[in-house]
Amino acid sequence: MRTAGVLTLALLLPGVVADDEKRPLTFEQDVLPIFRAKCIRCHAGVEPKAGLNLTSPSSLLTGGMSGAALRIRAAESSLLYEKISSDEMPPIGQKLTPRQKGIIRRWINDGAQGVHNAVSIDQSDAVTGVEHWSFHPPIRAAVPTVSEKDRVRNPVDAFALRQLQRRQLTLAPGADRLTLLRRASFDLIGLPPSPDEVKQFISDQRPDAYERLIDRLLSSAHYGERWARHWLDVAGFAETAGILNEDLGLPLAWKYRDYVIRAFNSDKPYDRFLQEQIAGDELTDYWTAFESMDTLHDDVVEGITATGFLRTAADPSRPDFSEIKNAASQYFYPTLFDTLQIVCSSTMGLTIQCARCHSHKFDPIPQVDYYRMQAVFMSAYRPDDWIPQMERRLLIASKKEKQAAEQRNAEVDKNVSELQSDLEELKKTFASRLFEDRLAELPTEVRDEIRAALAIATEIRTDTQRKLVAKYEERLRPQDSELDSALVEYDGYKYQLDRLNTQLAVEKRRRWKFDEVRALYDIPGESKTPVLLRGDALTPGPLVKPGVISSLETPEAFEWTAPDAGAKTSGRRLAFARWLTQPDHPLTARVMVNRIWMHHFGTGLVATPDDFGVSGSPPSHPELLDWLATEFVRSGWSIKNLHRLILTSATWQQSSRVSAQHRQAGEQADPDNRLYWRQTMKRLDAETLRDSALTVSGILNRELYGASQEIPRQQYGKLIVPVGENPNRRSVYVKNQRLYPDSMLQVFDQPTMSVNCVQRNTSTVSTQALTLLNGEILTRAATAFADRVLAEFPEDPTGGAYLIAYSRRPGSDEYSFLTQFLNELTMQYRSEQDQTKSHTADFPDTARQQAFSDLCHMLMSSSEFLYVD
Amino acid sequence: MVDKCPDGTDIGIVASEQSEYITAERPVSMTPFNPISRRNALSQFGSGFGGLALGTLLNETTSTAHAMSSAAPHFEAPAKAVIQLYMHGGPSHVDLLDPKPVLNRFDGTIPPDEVADDEKRTKNLMGSPFRFRQYGQSGLEFSEIQPYVAKHADDIAVVRSMFTEHRNHEQAIWMAQTGMIMPGRPTLGAWTAFGLGTENRNLPAFVALPDPDGNSVDGIRNWSNGWLPPHYQGTAFREQGTPVANLHPNQPRSRAIEDARMRLLRRLNDQHLASRPGEEELDARIETFELAGRMQLAATDALDLSQETAYTQRLYGLDHETTKSYGTRCLMARRLVERGVRFVSLFMFQQPWDTHSNNNERTKQCCQRTDQPVGALLTDLRQRGLLDSTLVFWGGEFGRTPTAEQQKPGAVFGRDHHPYGFSVWLAGGGIKGGQHYGATDDFGHRAVENRTQTANLHATILHQLGLDHETLTWHHNGRDERLTDVYDARLIEKLIT
């Protein structure tokens, strides 16, 4: 065996110089001579080998057939260094000496002085004449006329029926009222109906009882919690910065979550919703408000809070990251990449990220368009001038308020320090009185000696003095609490102390503090956006101006002009938001309508909500999709209107349980139910499952909004993050951690965010079974559930449990096996208890309660609880 | 075996013939609320390696078959399982596997430009205090601090020319575990589980063995399924308490109570299913409860180390405080592989190999904790005839600088992170041992000979399991994703032929 000797030992230089003494290397003086000596026989001239010309600093990044010759400040991964360090190049003649290699390495690592941005980029696809349907505005088709008119409740049904009838299919019969009640409740508010709500709806004989139900659910504050969660998925919301192990918390992130909940609850028009999230600061003119208003108006605060949408991408940056070599390419650019991916996949359903490295392989999106859109966000996110994530925030305050606060707080600081010295003075005065008084209690002859002993410095005390100090100091000069309790005995002390402390407290309360929001805002000054060759920030190419996907046919073009120098914000994001939310944008309304449809039916009209591009799935009902999209815009982008439209359709209301005949016909013609010949049975998603368990057991904390509930965490077997005071809030308020998610929610497919989640998995795995049977939440909920039914339904607790969990009473067969179960378990528990202790008042018979708790636990683990018909 | 995906018709036939069996855990991506139909699922698989994975799908989901049927890989291959000994922090290659006499000779001197620390976080060259010796017939070199592993020199292939793309732990871990510097992708273990399915239906295909003291750096992402279906996520088995989270209730229940609960649940679910014929999802749900029950027994049994002889326990160092923890996980790994688990990953708390200060002492301590257990694992696998079918893979996210780091004046020298050249080793599973592959320069700074990117290593490991890294794909984000992604990955032929 042999160790490869690649560096020649003879050339190892003893006369090396320390780094700081080394002068900076230049292309002309240091590097070019080496290239001239060893490389230009091939890599120069009109037709250089492999297209790589090494004689001009402008050609190194442009590179040759194999791409850029170097990556700035990263010699080890530069093609040039790779070839020379391994002696692959030059292929014939003398190799580079270690010293020459070292020079080139250091030159690259110190920034490749003299190198110019690459000039040529991937233009492989100057896009013209794009045919793809989703790149053209929706066209509103006339509502078709169909047979079976009695099934048509609204245009949705006409579109659906026409396609069903073409395949000799039809809608399934409508579901019964109870099923509709449960389905609507879970769909709209994510909680099961209470027994009272069941009773009320079933007995409501008014013809518009169902419409009233939908209105009631849509006006519930829980509606916003449910639908915000869907949006938070596509927004990639998380409350930790956490792509790195420390999973740094983002204490202000929940304000954006609350903004989303409020937006859904108030049915904020979707175009406005997007404009605020992308450019809320520019839309509400934050900087003018900041500069000129006495106080920021609510809409401005709402606007800057909404930009939290652009802050969801993982951003682990800290102030010390600026010291890291190539931090921009390694840490800052990725945040920008993720942000663009989130914006494009959530609002336009495009997999734009493919175009970061090369022109899109499937969709008509050239690479340069990617960077034009990146330029929209470049004024705010500046990889070369990065603001660490914890410092990127805005105060909820105007300039006047900030100045007034600074003034007042300076005054407060002064007063506080005066009061504190008054307090010290007071204490000192009374302490010396105490000293004299206690000294006076001692025999006269020792007083002076003690006084002298205490006055003298410790090191030079005599032995006698030391003994005296040891004996009397504690008594004469008591410390801390002992001193405090001794002093209050003095007349006047307590009074003055209290007075000063009160003044201090009053003063401290005068201090002005402002709430903060995690916002995105522009940094003044011009920003530059280079195209990055192969998406690599270390091989920058030509600069581009802000723009959008050029192949999308939009009636209104993207319009942006550079603002005056000195403008506080560039207006780029607002221009983009306006372009995106124009009524006839080919994608914006379609993508959102599709997403809402998907949450009501299980599958979207376009089955790939993240990909409306060429490789995505084509719409099952193109005309319905376009009709809904245009209807959505016509209604003023009202999402609640869309829910009403869908939920009052016969298509949505049809039963998921169908006759064998209907099923057979459907499965034969359309096995995937893409044509909606029945409703789809749906599993509760993670949050709804947890929230439902807490609801039926009566322990759900229905408090709205606010800071998130912590997830307990252990290390070395010790709890390092404790459970909060109330662990039973709705799941949307459970902290969304990237690295340490809540285990129950995770097991049931809550996404752990790396970028964002446009469509969840719905898995069926055995860890779910274990979580249901033995997990902490259901176990706890089961006990509470049992207590609840025994208290609320003392006559018929079994029936009560069914009513609460399933919204129905048990049948007689069910009664009989449930009763049998209860009797068997009660006896079993009793026999197990008997072995340890007998029942007294202190040890009541809990067997029946335990049996009930098991019954409730199984109800919550059962399919009827987990699935919605 | 074919390695191309069969056409759609074939898939359709297979599916309809066996459709009544598709009931249990489904390794199938499902859209929200609406399980992708079987046909979609199959065409999804079809886009990658169709009919072959389909075999897995069907076999695995056969609710009646107790015969352990493994999925057919893409081609015949020696390895059935992988044990990954992940070394968090980045072990120092020049102190363990890559002897550098030149480095020792120039100890304490300023490095020349071609090996100087480009981030200037370290300064002078630092030789290794550990003596290297040749072991076995092959004479493969190991340093003196890993005598137990060195005994297996003839089974071990050291790759000395690894390099990675990031100097920070997490990013380099993502590269090592998921093939790219990007969080959120599936790990090598998840890809293996996806490609091969499980051999033992009562145990997960991919098991992670975290340190009971706490998570390693990057936490649960070390066994993440990324965007692969959750079925392929590693299941963390614990060596203390119950082996799997929620395997047993916090408050123990008697057998009688447990049985009565399960009978009630079964009755509720059967009745619910009876009025919803054709809802396969409900069958699958019922099966998860059955499987959970079987897993309770199988996992408990697999991790019951008291079944091992005193000799074996001593072999793994269970009788010594220093080696007990890692030895326990090594022994668990062998028992799991023996029972058909496909991929077992072993982890240590935080990142013990991250020797920024006191490199020599701390590297030695890491060896004291792991060397005997790892040696025992190789011995034990060999004795049981499992080594030929089990690929053992040792390594971390990068190596350490040949230059010395001093965190503050007076501190004992350490070594910093080093991505440009480092070593990992492989043994068993058809790997040709007794050799090293590739080389770094004379200082151990840069891999210069047979430079080995992570993708090559991943492709080679998958290949040993009978999986082709180019056809093992999953459609996500508008493209067919694979472990080796955009890299031009090549098999390390010298290791496998």
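What follows is a short chat about this predicted model.

Q: What kind of model is this, and which pLDDT cut-offs apply?
A: It is predicted: local features need pLDDT of at least 70, side-chain atom pairs count only at pLDDT 80 or more, and totals for chains, interfaces and linings use all residues. Residues are numbered from 1 along each chain as its sequence is written, while chains are lettered from A and ligands numbered from 1 in the order in which they are written.

Q: How many helices and strands in chain B?
A: Chain B has 15 helices and 17 strands. Helices (H or I, at least four residues) and strands (E, at least two) are DSSP runs, numbered from the N terminus.

Q: What share of chain B is buried?
A: Buried residues are 62% of its 497 residues. A residue is buried if 20 or more other C-beta atoms lie within 10 Å of its own, exposed if 12 or fewer, and partly exposed in between; C-beta atoms are placed from the backbone.

Q: And how much of its contacts comes from residues 24 or more positions apart?
A: In chain B, 75% of the contacts with a separation of 6 or more. Two residues are in contact if their C-beta atoms, placed from the backbone, lie within 7 Å.

Q: Staying in chain B, at what angle do helix 9 and helix 10 cross?
A: Roughly 165°, with the axes of helix 9 (residues 255-274) and helix 10 (residues 280-302) of chain B coming within 10 Å. That makes helix 9 of chain B roughly antiparallel to helix 10 of chain B. Angles under 35 degrees count as roughly parallel, over 145 as roughly antiparallel, 65 to 115 as roughly perpendicular and the rest as oblique. Axes are lines fitted to C-alpha atoms, for helices over the stretch in contact, and angles run from 0 to 180 degrees between N-to-C directions.

Q: Which residues meet there?
A: From helix 9 of chain B, they include B:Met262 and B:Leu265; from helix 10 of chain B, B:Ile286 and B:Phe289 are among them.

Q: Chain A now. What about helix 1 and helix 4?
A: The axes of helix 1 (residues 27-38) and helix 4 (residues 98-109) of chain A come within 10 Å and cross at roughly 130°. So helix 1 of chain A is oblique to helix 4 of chain A.

Q: Which residues make that contact?
A: A:Asp30, A:Val31 and A:Ile34 in helix 1 of chain A meet A:Gln100, A:Ile103, A:Ile104 and A:Trp107 in helix 4 of chain A.

Q: How many residues does each chain give to the contact between chain A and chain B?
A: Chain A gives 86 residues and chain B gives 82 residues. On the side of chain A that touches chain B, the largest share, 8 residues, comes from helix 29 of chain A.

Q: Is helix 10 of chain A enclosed or exposed, and why?
A: Largely enclosed by the rest of the structure, because 10 of its 12 residues are buried. The buried ones include A:Trp254, A:Tyr259 and A:Phe264. They pack against several elements of chain A, among them helix 9 (221-235) and helix 24 (639-647).

Q: What comes just after helix 10 of chain A?
A: A:Asp267, with a positive phi of about 50°.

Q: Last one: where is A:Arg678?
A: In the loop between helix 26 (660-669) and strand 5 of chain A. A:Arg678 is buried, with 20 other C-beta atoms within 10 Å. Not counting residues up to four places away in sequence, A:Arg678 touches residues including A:Ala172, A:Gln654 and A:Asn673.
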